[in-house]
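Subject: Structure handover

Hello,

Here is the structure I promised to pass on. My notes follow below it.

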Amino acid sequence: MATFKKIGVIGAGTMGQAIASMLSHKGLDVYITEKTQSKMEHGLKAIEMSLDKQIEKWALTASEKKLILSRIQPISDLARLSECELVIETISEDLDAKKAVFQTIGDICGEDVVLATNTSTLSVTELAGATRYPKRVIGLHFIHPVSNIEMVEIIRGLQTSDETFDRTKSFVEEVISKKGILVYETPGFVTTRLICTLINEAVHTLSEGVASAEDIDSAMRLGYGFKYGPLEMCDRFGLDSVLAALERMFRDYGDLKYRPAVLLRKMVRAGQLGAKTGSGFFRYDEDGDKI
């Protein structure tokens, strides 16, 4: 079984930041890349701010922060990804953009490099089709907050080889110490399919005036042990991301239960996207804490 020492992360957005930080915390060297220098700088600054928040909460020491940052290396030359044993793509849920990324890294990385996508709804098989060796492409769906969620969905595409799956499962369970959940490719997999349906129903319940946003979330937190209620979850995922996931599942399944609630669409049009904009179903401060 191949060892994993150096991991590539494509995209320094919210998920890329969280995955890179978690990998580094586990003692792995991380190459992270972004489209532009400004996006890269913003991503690295956000990683540092997140680590500072952990220090404030006594969850991390200053020396641990320094060590984590020292293992995360920004790169502009994608050819350096060929040095990695595993490359994880984390860019936004745009099929054409992701296919372009996989075509590029498929040409750069050798046949033995596992290429993973963090997509929550898109087809792993279709992304694999853009590469020279589709057998080494797999889905690795991390859930935010990455460091606190002890589970990763491992999604097999139609052509994903047994070797690629075994190596990826070994990476998840032995290297980063998370539980790997095997999922055969289907829109939304398990977690996105179930949680977005719950969130959508919560938005319908709110718009029908059945209960307030606070009470809907309290019912699910206190009644069923949720860490966040479905509406706060939506705020933390990003209302635009939830809307995009529902729209894709509605298109692919054709089932009315995935049709996005009208209120969700209105809020996205209004730019009320949740914690990242400071306003969604609830209000948030600059650190993303609920006010």
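Tyr 253 is partly exposed, with a relative accessible area of 28%. Buried here means under 20% relative accessible area, exposed means over 50%, and partly exposed lies in between (1.4 Å probe, protein chains only). Tyr 258 is at 2%, so Tyr 258 counts as buried.

Before going on, a word on the source. This is a predicted model: local features need pLDDT of at least 70, side-chain atom pairs count only at pLDDT 80 or more, and totals for chains, interfaces and linings use all residues. Residues are numbered from 1 along each chain as its sequence is written, and side-chain values use heavy atoms, with hydrogens and water left out.

**Aromatic rings**

Rings of Phe, Tyr and Trp (its six-membered ring) pair if their centres lie within 6.5 Å; planes under 30 degrees apart are stacked, over 60 edge-to-face, and the rest tilted. How many aromatic pairs does this rule give? The count is two. In one of them, the ring centres of Phe 4 and Phe 171 are 5.1 Å apart and the planes meet at 55°, so this pair is tilted. It links distant parts of the chain: Phe 4 sits in the segment before strand S1 (6-10), Phe 171 sits in helix H6 (residues 162-175), and 167 residues separate them. Phe 4 and Phe 171 are both buried. Tyr 253 and Tyr 258 also form a pair, and this one is stacked, with 5.1 Å centre to centre and 25° between the planes.

Lys 290 lies over the face of Phe 282, at 4.0 Å from the ring centre. The rule asks for NZ of Lys or CZ of Arg within 6 Å of the ring centre and within 35 degrees of the ring normal.

**The chain as a whole**

The chain has 11 helices and eight strands. Helices (H or I, at least four residues) and strands (E, at least two) are DSSP runs, numbered from the N terminus. A compact globule of 291 residues would have a radius of gyration near 19 Å, and the chain agrees, with 19 Å. That radius is taken over C-alpha atoms, and the globule rule is 2.2 Å times the number of residues to the power 0.38. The C-alpha trace spans about 55 × 45 × 35 Å along its principal axes. Of the 291 residues, 46% are buried.

**The sheet**

Which order do the strands take? The eight strands form an open sheet with mixed pairing, ordered S3-S2-S1-S4-S5-S6-S7-S8. Strand S3 (72-74) and strand S8 (179-184) are the edge strands, and each pairs on one side only. From one strand to the next, the twist averages 25°. Two strands pair if DSSP finds at least two bridges between them.

Strand S4 (residues 86-89) and strand S5 (residues 114-117) run parallel, joined by four bridges. Ile 88 has Ala 116 in S5 as its bridge partner. S5 and S6 are also parallel, over three bridges. Here Thr 117 is partnered with Gly 139 in S6. S6 then pairs with strand S7 (residues 151-156) in the antiparallel sense, over three bridges. Leu 140 stands opposite Ile 154 in S7.

Is S6 covered or exposed? S6 is mostly covered, with five of its five residues buried. Val 137, Gly 139 and His 141 are buried on one side, and Ile 138 and Leu 140 are buried on the other.

Helix H4 (residues 95-108) packs on the sheet. It touches S1, S4, S5 and strand S6 (137-141), and its direction makes about 170° with that of S5. Contact means heavy atoms within 4.5 Å. Axes are lines fitted to C-alpha atoms, for helices over the stretch in contact, and angles run from 0 to 180 degrees between N-to-C directions.

**Loops**

Pro 145 is in the loop between S6 and S7. The peptide bond from His 144 to Pro 145 is cis, with omega near 0°.

Two residues other than glycine with positive phi are worth a look. Trp 58 has phi near 60° and is in the loop between helix H2 (37-56) and H3. Trp 58 is exposed, with a relative accessible area of 80%. Phe 189 has phi near 55° and lies in the loop between S8 and helix H7 (191-207). Phe 189 counts as buried, at 2% relative accessibility.

Best wishes
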